[in-house]
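Take a walk through this model, one region at a time. Begin with a pair of charged side chains, then follow the helices.

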Amino acid sequence: MAVATQDTAVRTGRITRTFIYVVLIFFACFYLLPFFIMVVNSLKPLPEITGGNMMALPKEPTIAPWLSAWSTAQIGVEATGLKPYFLNSILMVVPAVAISTVLGALNGYILTKWRFRGDTILFGLMLFSCFIPFQIVLIPMARILGILGLASTIPGLILVHVVYGIGFATLYFRNYYAAVPTELVRSAQIDGAGFFQIFWRIMLPLSGPITIVCIIWQFTNIWNDFLFGASFAGSNPPMTVALNNLVQSSTGVKEYNVHFAGAILAALPTLLVYIVAGRYFVRGLMAGSVKG
């Protein structure tokens, strides 16, 4: 019977790791290939793209397509570029993410530390809302926005995304707070702390990891949303709708370099969010998975 020595085990481990790294690098390159093509062609003059070989590096790099996509490209009937619509997305995303995150944290706090009869049923209904397709709520939401006078406005879009995001935010914070000892709340009550004092001074300071998870999730979903923006934005569409209009508004020669630059500009905020805070995403998800 062959006996595995330490040297054999080390060599086997190195071979296995090398194979795993090769496979991971291959799939990473395959996954990043579309992004590489977008970046390379966004820096090319249009004749280089129409001449073929989209995989080649630019012979005469230029940032003119980026400048055009940002400030002078034809969006609908106006040559404004994506700049004003980028601002619309910022004005929509930041309040929607902040409000839905705070409400989700408050719901999770109530459902775990201030339990009441029927709280499990209520949580189940909120969880069910996470799986309702967007298309089903279009007509009811349009009716509600019309009644409230928020149709075709950015505040209306904020309301839509807050309502649709509360279910996910509540799910994250409820599961996270379930692992927080209830004795902390009881001790604070004995010391005279009230409902909101406990929430702001004890629960929220402990919520850093799951807050980052919720912010990343909500920011990505809201920024990338197209259906709600196209349905409820009116004359103030977000970035994704403007990008679609950029591609559809082009007449005559298709300016593929401008389209590639515009697509990267639209994806840049979410990319930056994952680069800056992505390492905390899995850590935050796992933080509340084990109690104790």
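Arg115 is exposed, at 54% relative accessibility. Here exposed means over 50% relative accessible area, buried means under 20%, and partly exposed lies in between, using a 1.4 Å probe and protein chains only. Asp119 is buried, at 6% relative accessibility. The side chains of Arg115 and Asp119 meet in a salt bridge, 2.7 Å from N to O. A salt bridge is a side-chain nitrogen of Lys or Arg within 4 Å of a carboxyl oxygen of Asp or Glu. By this rule the count comes to one salt bridge.

A word on the basis. This is a predicted model in which local features need pLDDT of at least 70 and side-chain atom pairs count only at pLDDT 80 or more, while totals for chains, interfaces and linings use all residues. Residues are numbered from 1 along each chain as its sequence is written, and side-chain values use heavy atoms, with hydrogens and water left out.

An unreviewed UniProt entry lists residues 19-40, 85-109, 121-142, 154-177, 198-219 and 260-282 as "transmembrane region". UniProt positions follow the numbering used here, feature names are shortened, and annotations may be inferred rather than shown by experiment. Take residues 121-142: the span is 64% helix and 0% strand, and its end C-alpha atoms lie 28 Å apart. Residues 198-219 are 82% helix and 0% strand, with end C-alpha atoms 27 Å apart. Helices (H or I, at least four residues) and strands (E, at least two) are DSSP runs, numbered from the N terminus.

Now look at helix α9, residues 195-203. Ile198, Phe199 and Met203 are buried there. Seen down the axis of α9, its buried residues fall within an arc of 100°, so they line one face of the helix. The arc is that of the directions from the helix axis to the C-beta atoms. An α-helix has 3.6 residues a turn, so residues three or four places apart point the same way. The cover over the buried residues of α9 includes α4 (83-113), α7 (154-177) and α8 (182-190).

Move on to helix α13, residues 256-277, which holds Asn257. Is Asn257 buried or exposed? Asn257 counts as buried, because its relative accessibility is 7%. Leaving aside neighbours within four places in sequence, Asn257 is in contact (heavy atoms within 4.5 Å) with Asn41, Ser42, Lys44, Pro45, Leu46, Ile49 and Pro65.

Leu268 is also in α13. Leu268 is partly exposed, at 33%. Leu268 belongs to a nonpolar surface patch with Tyr31, Leu32, Phe35, Leu271, Leu272, Ile275 and Val276, which together have about 830 Å² of accessible area. The elements giving two or more residues to the patch are α1 (6-42) and α13. The largest share, five residues, comes from α13.

Ala73 sits between α3 (64-72) and α4. Ala73 is buried, at 5% relative accessibility. Not counting residues up to four places away in sequence, Ala73 touches Ser68, Glu78, Ala79, Thr80, Gly81, Leu246 and Val258. Ser152 lies in the loop between α6 (138-148) and α7. Ser152 is partly exposed, at 39% relative accessibility. The phi of Ser152 is near 60°, a positive value in a residue other than glycine.

Notes: Patch = residues over 30% accessible without salt bridge, like charges linked within 9 Å, V, L, I, M, F, W, Y side chains within 5 Å. Areas by Shrake-Rupley, 256 points an atom, 1.4 Å probe, with all protein chains shown as cover.
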